[in-house]
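Dear colleague,

Please find below the structure that I am handing over to you. My findings follow it.

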Amino acid sequence: MQNRSQFIQVFPTDPTTQTKQNHHFKALRRTTVAPVTQSTIGVPDATRAILTRLDTFKSQFDSQFNSDDVSNLFEFLSTLRWQSSAETWTKLRNQIKCHALGRLVHQDPCTRRSYQKPRGYAGDAVLIDYLYRLNDDYQHLSRIERQLLDIVTNRPSAIAVRERLDIATQRISEILQKKPTAKIVSLACGHFRELLPLQHTHPIDRATIVGIDQDPDSLATIKTALPNLSLSLVNASVMHLIKGHYFAQTSNADLFYALGLFDYLSDSLAQRLIALMFGRLNPGGTVLITNFTPKNPDIGYMETFMDWPLKVRESADIYGFTNQIPQHDIAEIKLYRGTNDCIWYLELKKR
Ligand SMILES: C[S@@+](CC[C@H](N)C(=O)[O-])C[C@H]1O[C@@H](n2cnc3c(N)ncnc32)[C@H](O)[C@@H]1O
């Protein structure tokens, strides 16, 4: 899977080189899209024009729509998002969320779940199962619900999320091939779907596998979905770990990873957490984390009709996650993007 990814760099751990890399990344971070001024977006006329465009989308959807119409909507919203200043986008976002088009796109069960947040937070594991195409309610959906779900789960962000799952499966598999008694820890494990392909094919029974998630319902689903695996499941949040809880469960890991978590964390919490994860590794162990990139062309739709804002980050920000790790303890840093550029992968190997 890795060879399908766009590989960016393997950084040597020489501190002098790293300082230079830091400067390089700071320079990169400054290269951002110039915000559109209030004279083009943000004045009432411009807002009206945007809402009129959404009315047009709605009319198309009301009569008959095809996947191109929906793609155009995604592209329209993301372009708007990137061309607006943060302040303007916040205002626009709130107006778009209330537009009548929402009622139509919420026929997609994935968009609807994201917007309604039945578990109180965005991006729960049931929603991610839609992106994995693992939800079992497909047969019960209406034609239009299925049609919209197919379109949404064919968008680049969904494709990237499925690749992310494959990459995790691949990493676990590689580690278990080398060390069948390895300890694997997944933080924010959701439904632990990356284990599905491994359950019958690897000597997974000799490994210690720990899944941690704040959501007890997701942990309950794991028990049903993977009844033959002996897993250690911990109902805990990032803050529990930061406070020093569950030390034994998370120590001496050979792989400590988190998929779909860092996109929710502030920079400072991300730095603390990754240092903690790295500190709990065995020598030679690996931390793997992921984060959406700004190249995600679905960001506008996600932030409006799905009400699912994620912290997209540039490479410099991701590299900055390592700031609190003693640099001489890092044997290797790999930072790369998935095939369609939507997701960053950061892998840190401990000396
Ligand atoms: C986007 S899902 C990803 C699930 C799984 N890792 C995957 O990739 O399929 C995010 C998961 O993170 C969990 N989560 C979010 N914030 C968390 C926190 N602060 N501590 C622990 N788990 C958290 C949620 O409960 C949810 O299961």
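Around the ligand there are 18 residues, of which A188, G190, S237, L259 and G260 come nearest; a residue is near if its C-beta atom, placed from the backbone, lies within 6 Å of the molecule. The model is predicted: local features need pLDDT of at least 70, side-chain atom pairs count only at pLDDT 80 or more, and totals for chains, interfaces and linings use all residues. Residues are numbered from 1 along each chain as its sequence is written.

The ligand lies between domain 1 (5–19 + 157–299 + 309–350) and domain 2 (38–155), because both give residues to the shell around it. These bounds come from an automatic or database domain assignment.

Helices α7 (125–132) and α9 (residues 156–178) have axes that come within 9 Å and cross at roughly 100°. The axes are lines fitted to C-alpha atoms over the stretch in contact, with angles from 0 to 180 degrees between N-to-C directions. The two helices, α7 and α9, are therefore roughly perpendicular (65 to 115 degrees). I128, L131 and Y132 of α7 meet A158, V161, R162 and L165 of α9, where contact requires C-beta atoms, placed from the backbone, within 7 Å. Helices are DSSP runs (H or I, at least four residues), and strands are runs of E of at least two, numbered from the N terminus.

K117, in the loop between α6 (109–116) and α7, has a positive phi near 50° and is not a glycine. D341, in the loop between β7 (330–337) and β8 (343–350), has a positive phi of about 70° and is not a glycine either.

With kind regards

Key. Parallel < 35°, antiparallel > 145°, perpendicular 65-115°, else oblique. Contact = placed C-beta atoms within 7 Å.
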